[in-house]
Amino acid sequence: MTAKRWCKLILAVLLIFGSLPVWAQQRDIKLELGFAGEIVADNWNPLRLTMRDQPDAELVLEIDHGNLREGSKIFRYLAPLSGQRGISVFEDDVFIPVWRSFSWLVQSGEVILASGSFDRRQLDPRPLELILSNDIGTARTFFDKEARVIEAKADDLPERVASYQGVNTLLLDGSAANPRLAAVVAATVAGVKTLILEPLTPERTALLRLAPEPRQRLGAGWIARAPAANAAEVLTDLPSLELKPLTEALLSPEMTREPTGIPQFIVLLLAGLYLVLILLMIRFGRGPGILAALSLSLVLSLAAWGYFRPQQETLLRARSLHLGSGDLALTSELQTLFRLPEGLERLNLQARPLDVDNYRQSPTELSFAMPRWSQATLILRPVLSNAQLQWQGEMLVNNSSQNLSDVFVLGLGPQGTLPPGASLLLRFSDDGLVPALYQPLSAALPVGTALARRGGQIHVALAPEFTSLAWSQP
Amino acid sequence: MNSNLLIAVSERLRRSDMIQLFMAFIALLILVLAVTWPAGSQRVNDSWYSLVQARVIALVLIAFSYGEMSALRSRFERASVLLALLLLALFSLPLEIASYAASFPEVPLLWSLSIVPANLIAFFGVGLTLGRLLAFLRIRFLSPLLIPLVLLGVVMIDSWLGRTVFNPFLATTTVVPLHLIIMLVLAAGTILSLVWRRNKNKEEGPL
């Protein structure tokens with residue numbers, strides 16, 4: 001072997017051993033986004049970052065969600081990560097918009113511990129069909145060929161409802177490890193159609209506690225059980241709710257109305273009176289008149305500031321939709337923010353801004369710059385809550401401690417006000433006109449659904465069973 | 001302000017030319033408010049931007065013209081004219097404050113409050129210098145033509161420089177520290193020229 005070859009060999013060995021620590025470090029930090037690496041674009045997705053033997057660090061996701069016509073729009077997600085000896089896990093939900101470029105890194109000070117990117121070819125807005133089964137081949141046959149069928153693991157299922165916004169179905173056959181019941185409940189409340197395939201082995205029957213009936217609503221979703229032979233049919237029969245349009249329907253003209261200021265005629269009237277007063281003082285007041293006019297203009301300047309400056313520089317309006325069935329509800333909230341002076345808006349929440357180009361999100365704070373006299377619409381991360389309006393048999397019950405007003409049942413008409421703790425025996429009303437507040441929602445909700453309101457909160461108790469129009473007749 | 005100067009300013013303000021000017025000036029500002037204040041379906045209040053520009057254009061033109069006209073008057077008279085003009089600016093302050101309060105512009109209020117008097121005094125001083133120069137050259141009859149031309153020149157210089165340095169009309173709605181410094185220097189020079197009593201001018205009245 002010549003000296004040149006020796007040199008090459010030594011260089012190769014050095015390169016391999018030199019890169020080992022970097023490779024090992026990258027391997028000790030694992031980022032999982034979506035389910036089994038599948039991201040549903042334009043939806044909230046679960047995020048899990050696992051670190052082993054790493055120092056305190058920061059996770060940065062940078063997503064360019066712009067387009068050719070409008071240019072770059074940057075969304076940054078920043079999360080502090082507490083390092084420790086052994087394994088540390090960070091979990092959250094992140095709204096992933098349709099991206100042009102998507103990269104991530106974990107950094108500790110100036111040192112980048114790990115980094116990566118997601119290709120635009122991975123972008124897919126189709127919902128997921130999650131399967132927890134050891135017989136994935138059979139389970140796939142229950143869905144269309146175009147469906148995005150994903151094999152999930154029990155441990156991958158979070159207990160947060162927002163994680164499941166991009167999930168359509170959760171299918172469990174008991175052959176794989178049992179998921180946590182809380183995770184199944186979270187998925188169902190989020191609007192997922194959960195199907196348990198029967199028969200279950202005795203050690204898996206805990207799942208059946210969630211499905212006492214062959215099919216029932218829970219939150220915004222369904223939970224059903226059926227033999228494998230009927231699975232495809234049951235999945236087709238269970239009606240889905242389009243949740244995104246329901247939330248966006250909260251954006252009524254009242255929510256986007258800009259604040260009104262002092263009317264023009266008052267401004268002109270005051271200015272005219274002021275002109276006349278100053279003229280009189282100058283013309284007839286001589287020296288003292290000048291001093292009086294000077295004082296008047298200074299006093300009026302202060303008064304003008306107090307009178308014309310709006311008391312609130314930022315106007316926040318919120319409206320929430322509590323979509324419930326059973327004891328639990330999926331709460332979606334929409335906020336409109338009207339800001340008069342320009343500045344950086346910081347809000348202690350997690351949300352998806354509809355009309356903001358560049359924004360930052362952390363696990364606790366959303367921040368973005370707003371120009372003067374501008375408006376932003378935020379759709380908050382959906383959360384799980386207790387259902388306050390609830391069906392109990394054919395009775396409608398108010399489970400909250402305050403009145404629910406404008407109770408309306410689709411197909412039956414207005415039902416009046418429901419006091420706290422009270423139940424309501426339904427009656428058919430001739431005045432079947434849907435109140436204006438409920439109109440954008442009513443088209444997307446099934447007949448037999450009850451709606452009520454308290455301030456800006458709209459409580460919906462979904463029709464408990466398959467309800468036909470015949471049910472609504474007096 | 002001593003009593004003589006106060007009386008002189010009062011008399012100056014009561015003269016018909018100043019009264020008419022004051023009325024026209026305030027009427028102009030009210031007209032601008034009438035046009036730009038939100039009405040009907042319009043909600044965004046941008047009235048301050050138009051109002052402050054109208055105010056500064058009018059005051060700079062008036063100060064420049066009166067400066068040129070007062071160039072050969074006594075120091076006392078020049079000071080009384082300048083004070084009368086400053087009062088004119090001050091009397092229009094409530095209108096600007098009202099529109100500023102409702103408009104929420106990006107520019108700080110302090111900038112808005114400082115830039116107008118600085119420009120007024122500076123351009124009064126430029127007017128005084130121009131008036132003396134024209135008198136020296138014996139071409140004062142050209143002043144009605146030269147006053148707008150000088151202002152146009154100021155705008156053209158900025159256009160040539162590619163940045164706002166002298167142009168008072170653009171400097172009101174954006175913060176330009178260099179413009180304020182230049183105007184403050186010019187304003188200080190103007191005030192010094194009015195206050196500083198040279199020996200040969202001792203016969204002029206007390207200030």
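1. Buried here means under 20% relative accessible area, exposed over 50%, and partly exposed in between, with a 1.4 Å probe and protein chains only. Strands (E, at least two residues) and helices (H or I, at least four) are DSSP runs numbered from the N terminus. Strand 19 of chain A, residues 366-370, is mostly covered, with four of its five residues buried.

2. This is a predicted model, in which local features need pLDDT of at least 70 and side-chain atom pairs count only at pLDDT 80 or more, while totals for chains, interfaces and linings use all residues. Residues are numbered from 1 along each chain as its sequence is written, chains are lettered from A and ligands numbered from 1 in the order in which they are written, and side-chain values use heavy atoms, without hydrogens and water.

3. Two strands pair if DSSP finds at least two bridges between them. Strand 16 (residues 343-347) of chain A runs antiparallel to strand 19 of chain A and is joined to it by five bridges. A:Leu347 has A:Leu366 of strand 19 as its bridge partner.

4. Strand 18 (residues 359-361) of chain A also pairs with strand 19 of chain A, in the antiparallel sense and over two bridges. Four residues lie between these strands, which form a hairpin. A:Arg360 stands opposite A:Ser367 in strand 19.

5. A:Gln361 belongs to strand 18 of chain A. Is A:Gln361 buried or exposed? A:Gln361 counts as buried because its relative accessible area is 4%. Beyond its neighbours within four places in sequence, A:Gln361 is in contact (heavy atoms within 4.5 Å) with residues including A:Phe75, A:Tyr77, A:Leu349 and A:Leu366.
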